Amino acid sequence: MDSVLIFGHKNPDTDSICSSISYSYLKNKQGVKATPVRLGDLSKETEFVLKYFGVKKPEFIDTVRPQIGDLTQVETEAINVTDSLKTALETMTRENFSSLPVINEEKKLMGMLHVSHIANAYLELDYKDLFTKYSSTYENILELLKGEIISGEYPSGVIQGRLKAASEMDSVKEGDIVVTTTLFDGIDKAIHAGAKLIIVCAKDEDYISPRQGRDCAIIKVKSNLFKTLKLITQSISVSSIIPKKKFYHFKEDDFIGEVKDLMKEANQSNFPVVGKDGKLFGTIRSKNLINFTRKEVILMDHNEHHQSVDGIKDAKVLEVVDHHKFGNFETNEPLIIRAETVGCCCTIVYKLFREAGIVPPKQIAGLMASAILSDTLIFKSPTCTEQDIKAATELCEIAGVDPKKYGMEMLIAGTSLGDKTSMEIIDMDSKTFNMADLNVTISQVNTVDVAGMLSKQAELEKVMDQKLMENALDVFILVITDIINSGSQVLVLGDSSKLVEQAFGVKLENNSAWLDGVLSRKKQIVPSLLSASQSM
């Protein structure tokens, strides 16, 4: 069973990451195999939190689109390079395949063999130069002829000699294979000439006396000379006729949508797939692409598709745990939703721990406490509720940290933006909203140095202009929140920048304004903008 992926929104903040890790821990404790993942780079604040509590950062994913590895049916039959042509043809006939992948002993893909390649080889075969022009093994001959060893040690490995019929006894040399019948008295002559293997075509009742003390092996086969020679020609190894031309093959983690398009262009009907370990994963046809297992996911701290991972509509959403409004949220089947009007998603996660009767360990408690302190700005944000305060206080006690002292240390660590580019600052915590007919993006950063941020205004506005054009936005707002003075400086660009002036009753000067007491995007900024957008 694949692991359930648990993740927060793009441009993840501390709550998004910590709620994913904490809920994954809880799910695993409850017997559900779950893995926390992230949809973007960590902020400095989140890096501080994970390092402080010694927790490894989640792996990054950028899509949950279905891949070949998710297909419910993949053909696993293949041909080995050492297989005989007869074995290869029988395999294709049995599996109803006109072509199959060829693999070596390590199951590595070596080529693609079509039934026409075998047919063409049969037309060109001549037993006289069989083992000089093609490769075969003694094992293949014994398997096809179903011979009975009369005497001598049967050889193994690749055949080096030539194939000689009974009529060519005078030209037999050392290492050759001789095919004769009981009608010819040439066994001893062939042994004396150095033959390595003598194949005697005989009836059941025919007796062939063993030649003891000889290196030459003698086998008895129950078929006539003509049929035996024909079977021997079919013993040549597949490796001898694998075509050198290129062919389409895919990887296990290739996306089904892209593979489907390539299949339409390709002049082949069967497509080998190589696994993550470099070995053959299987073979697929167009009909195999219809049915696949959707990746199972749990959404934390978000619910809107545009804030989630690429391919989310192809995934199976099992649960949503969120503290934001729901907008345009649709699923193909019922699911569990836990949504509450609290200041932080981790407050809800901690409730789920308590309901399950599971006490989080120190590390997990520390992560959840950090998320609550971050989202509520150490209980100063208007989004903060008594439930958040109670949860954070209990979690800090388990984690062994002081809420105010640790919280301020964490927030200050997160406001260190000196090594960040303007693009990285804009993308750190950015969300897009549809307000009436307006597309509005709001990016938010917390800092103790608003003046320092404003010194980069020209660079920041250049990036904001780029985002406006790339994403067809009406307004782009950068909210620079002062965690010491409890307010936010906003930078606003876009054709509908008056939306901000109308929402907060301020006048933008040099594209900027101070919003006293405004700390929360969710509780203060978005509702005010939504209300103002209705009258524009």
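Predicted model: local features only at pLDDT ≥ 70, side-chain atom pairs only at ≥ 80, totals over all residues.
Let's begin with the record. An unreviewed UniProt entry carries the annotation "domain: CBS" for residues 71-130 and 241-300. In the model, residues 71-130 are 37% helix and 22% strand, with the end C-alpha atoms 43 Å apart. For residues 241-300 the figures are 17% helix and 27% strand, and there the end C-alpha atoms are 55 Å apart.

Strand β4 pairs with β5 (residues 99-103) in the parallel sense over 2 bridges, and Asn80 stands opposite Ile103 in β5.

The other open sheet also has 3 strands and mixed pairing, in the order β12-β13-β14. Here β12 (250-251) and β14 (280-284) are the edge strands, each with a single partner, so one side of each is left without a neighbour in the sheet. Strands β12 and β13 (residues 271-274) run parallel and are joined by 2 bridges; Phe250 has Val273 in β13 as its bridge partner.

Thr180 counts as buried because its relative accessibility is 1%, under the 20% cut-off. Setting aside neighbours within four places in sequence, the contacts of Thr180 include Ala166, Met169, Ile187, Ile198 and Leu225.

Now for the backbone. Lys146 has a positive phi near 50 degrees and sits in the loop between α6 (138-145) and β7 (148-151). Ile378, also not a glycine, has a positive phi of about 55 degrees and belongs to the loop between α11 (362-375) and α12 (386-399). Are these two residues buried or exposed? Lys146 is exposed, at 68% relative accessible area, whereas Ile378 counts as buried at 11%.

Charged side chains come next, with 20 salt bridges in the structure. Arg338 and Glu355 form one of them, their closest N and O atoms being 2.6 Å apart. This pair links distant parts of the chain, with Arg338 in strand β17 (residues 336-339) and Glu355 in helix α10 (residues 345-356), 17 residues apart. Arg338 is partly exposed at 21% relative accessibility, while Glu355 is exposed at 54%. Both belong to a network of salt bridges that links Arg338, Glu340, Lys351 and Glu355.

Within helix α12, Glu394 and Lys390 lie 4 residues apart, about one turn of the helix, and their side chains meet in a salt bridge with an N to O distance of 2.7 Å. Another salt bridge joins Lys467 and Asp427, with the closest N and O atoms 3.0 Å apart. That pair spans 40 residues, from Asp427 in helix α14 (residues 422-427) to Lys467 in helix α16 (residues 457-470). Lys467 counts as buried at 14% relative accessibility, and Asp427 as partly exposed at 23%.

Finally, look at the surface. Ile412, Val448 and Ile484 form a nonpolar patch there, with about 240 Å² of accessible area together. Ile412 is found in helix α13 (residues 403-414) and is partly exposed, with a relative accessible area of 40%.

Definitions and conventions: Residues numbered from 1 in each chain as written. Heavy atoms only, no water. Patch = residues over 30% accessible without salt bridge, like charges linked within 9 Å, V, L, I, M, F, W, Y side chains within 5 Å. Areas by Shrake-Rupley, 256 points an atom, 1.4 Å probe, with all protein chains shown as cover. Salt bridge = Lys/Arg side-chain N within 4 Å of Asp/Glu carboxyl O. Buried < 20%, exposed > 50% of the residue type's maximum accessible area, 1.4 Å probe, protein only. Contact = heavy atoms within 4.5 Å. Pairing = 2+ DSSP bridges. UniProt positions renumbered as here; feature names shortened; annotations may be inferred.
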